[in-house]
Amino acid sequence: MTEFLWPYLSLAFSAFVSATLLPFGSELVLVGLLTQGYPALVLWGIATVFNTLGSVLNWYLGRQLLLFQHKSWFMFKPHQIEQASGQFQRWGLPSLLLAWLPVIGDPLTLVAGVLKVPLFWFVLLVGLGKGLRYGVVIGLMPAV
């Protein structure tokens, strides 16, 4: 049973971790499983759901982040938070469609939590963007 689940679990893990602030990529795992003949729709669903859940973790951490801003170890200065908040508010909720982008996507989801973006809109927009990204990756794969 675990031999059957292992490839799917590895994709779920890689998709989740790659959406957090940790450096990781899930596309290679996805492409590897596609080339082995695993069903594209199932892989797309797993990658999209778990990558979105990883972003929800960032959102949650952002919600909790400001509780610690008075601590000496707090890594962000008030002007950095204001600057990030201003950028996010400038572009608004639609910017969450870009949460899949390297470098800016993960901090964007963290800032969304700091700004208390409602979870419904967060999951809807982030999930849509990430689903489209994985759809493009799958669509670019040659038929095997």
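The pLDDT is the predictor's confidence in each residue, on a scale from 0 to 100. Helices (H or I, at least four residues) are DSSP runs numbered from the N terminus. Among the elements of the protein chain, helix α4 (residues 78-91) has the lowest mean pLDDT, 78. Helix α6 has the highest, 96. The protein chain averages 89, and 96% of the residues score at least 70. The model is predicted: local features need pLDDT of at least 70, side-chain atom pairs count only at pLDDT 80 or more, and totals for chains, interfaces and linings use all residues. Residues are numbered from 1 along each chain as its sequence is written, and side-chain values use heavy atoms, with hydrogens and water left out.

The interior was examined through its nonpolar cores. A nonpolar core is a set of buried Ala, Val, Leu, Ile, Met, Phe, Trp, Tyr and Cys residues joined through side-chain atoms within 4.5 Å. Buried means under 20% relative accessible area, exposed over 50%, and partly exposed in between (1.4 Å probe, protein chains only). The largest core has 13 residues. Within this core, L11, L30, L34, L43, I46 and Y134 touch the most other members. Helices α1, α2 (27-35), α3 (40-65) and α6 (119-140) each supply at least two of its residues. The largest share, four residues, comes from α1. Apart from this core lies another, of 11 residues, including W59, L108, A112 and F122. In soluble globular proteins, nonpolar side chains tend to be buried together.

Leaving aside neighbours within four places in sequence, L11 is in contact with S26, V29, L30, L33, L43, I46 and A47. P7 is found in helix α1. At 10% relative accessibility, P7 counts as buried. P7 touches L33 and Y38, not counting residues up to four places away in sequence. The C-alpha atoms of P7 and N51 are separated by 16 Å, and the two residues are 44 apart along the chain. T48 sits in helix α3. T48 is also buried, with a relative accessible area of 10%. Not counting residues up to four places away in sequence, T48 touches G127, K130, G131 and Y134.

Helix α5 (residues 105-114) is largely enclosed by the rest of the structure, because nine of its 10 residues are buried. Among the buried residues of α5 are G105, D106, L108 and T109. Just after α5, K116 takes a positive phi of about 60°.

A salt bridge is a side-chain nitrogen of Lys or Arg within 4 Å of a carboxyl oxygen of Asp or Glu. A search of the whole structure finds one. The side chains of E27 and R133 meet in it, at 3.2 Å from N to O. E27 lies in helix α2 and R133 in helix α6, so the pair ties together parts that are 106 residues apart in sequence. E27 is partly exposed, with a relative accessible area of 27%. R133 is buried, at 14%.

The surface was searched for patches. Patches are made of residues with over 30% relative accessible area and no salt bridge; like charges are joined within 9 Å, nonpolar side chains (Val, Leu, Ile, Met, Phe, Trp, Tyr) within 5 Å. Accessible areas come from the Shrake-Rupley method with a 1.4 Å probe, and for residues only the protein chains shown count as cover. F4, L5, W6 and L9 form a nonpolar patch with about 460 Å² of accessible area together. W6 belongs to helix α1 (residues 2-18). W6 is exposed, with a relative accessible area of 58%.

Notes. Contact means heavy atoms within 4.5 Å.
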